[in-house]
Each structure stands twice: as C-alpha cells, then as structure tokens.
Amino acid sequence: QVQLVESGGGLVEPGGSLRLSCVASGFIFSSAAMTWYRQAPGKERELVALITSGGGSTNYADSVKGRFTISRNDAENTVYLQMNSLTPEDTAVYYCYVPKWKRWGQGTQVTVSS
C-alpha cells in the first residue's frame, strides 16, 4: 500500500537550517507529483511546496520562497525539503503528501526557537 515516512524534523534556532526527507513506497514514485504541507498550532494545514514528476517544475508558498527548496531523488523514492533561514513562524508539523494517491505521511515536528 501507499506509504510515506517523513524524517529530519527537530529543534533549531532562528536562522538555522533543516532538511526534511520523505521516503515513499507502494506506488511508482517517479510518475507522481509530490508536496510538502505544514500545520502550525491553531492554524489550517497549508501547502508549502510542490514538485512535479520528473522534477521539472516547483512551486512554493509565498512565505517560504527563497528560503525553502523542494527536490526529489527518484532512484531513492525520496522527496526532500531543504529549509534555510528558519524563523519561529516556520514552527509546525510538516507533512509529505502525494496528491495522486491522496495519502499523507505521519508528519515530522519542526520547532524554531532560541
């Protein structure tokens, strides 16, 4: 079955960086667009970044443009989210989501605090 497993979250100081990973299984990864969402306490889940199948196109939320980079390694069935210049407003649970299969990962907590 379709499965997504995120990792890489943690506690980081403002201005720091983290790289999230999402390992996918149960479907042909290379043929699927992949996304990262996040949900902060008391807020709705929001789309952070998207990468098309083959990695030819990416899109970002305005709040993360220039700071976050989504990428993928089809040989390893993995999608990444490189997060730089983190601020406390980036604190959230980050989720990997595959739209084609409407499946979510379990989420990984990112906390930005001094």
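For this tour, a salt bridge is a side-chain nitrogen of Lys or Arg within 4 Å of a carboxyl oxygen of Asp or Glu. A search of the whole structure turns up five of them. Before you click, bear in mind that this is a predicted model: local features need pLDDT of at least 70, side-chain atom pairs count only at pLDDT 80 or more, and totals for chains, interfaces and linings use all residues. Residues are numbered from 1 along each chain as its sequence is written, and side-chain values use heavy atoms, with hydrogens and water left out.

**Stop one: Asp 90**

Select Asp 90 and Arg 38 and show their side chains: they meet in a salt bridge at 2.9 Å, N to O. Asp 90 sits in the loop between β8 (78-83) and β9 (92-98), while Arg 38 is in strand β4 (residues 34-39), so this pair ties together parts 52 residues apart in sequence. (Strands here are DSSP runs of E, at least two residues; helices are runs of H or I, at least four; both are numbered from the N terminus.) Asp 90 and Arg 38 are both buried, where buried means under 20% relative accessible area, exposed over 50%, and partly exposed in between (1.4 Å probe, protein chains only).

Arg 67 lies in the loop between β6 (58-60) and β7 (68-73), so its pairing with Asp 90 links parts 23 residues apart in sequence. Arg 67 is buried too, like Asp 90.

**Stop two: Lys 65 and Asp 62**

Here the side chains meet in a salt bridge at 3.2 Å, N to O. Is Asp 62 buried or exposed? Exposed, with a relative accessible area of 66%.

**Stop three: the disulfide**

The structure holds one disulfide (cysteine sulfur atoms within 2.5 Å). Pick Cys 22 and Cys 96, where the S to S distance is 2.2 Å. The link is left-handed, with -80 degrees about the S-S bond. Cys 22 is in strand β3 (residues 18-25) and Cys 96 in strand β9, so the pair ties together parts 74 residues apart in sequence. Both cysteines, Cys 22 and Cys 96, are buried.

**Last stop: β7 and β8**

Color β7 by face: Phe 68, Ile 70 and Arg 72 are on the covered one, with Thr 69, Ser 71 and Asn 73 on the uncovered one. β7 pairs with β8 in the antiparallel sense over six bridges; pairing takes at least two DSSP bridges between two strands. Look across from Ser 71 and you'll find Tyr 80 in β8. Finish at the hairpin turn, where four residues separate β7 and β8 and Asn 77 has a positive phi of about 50 degrees.
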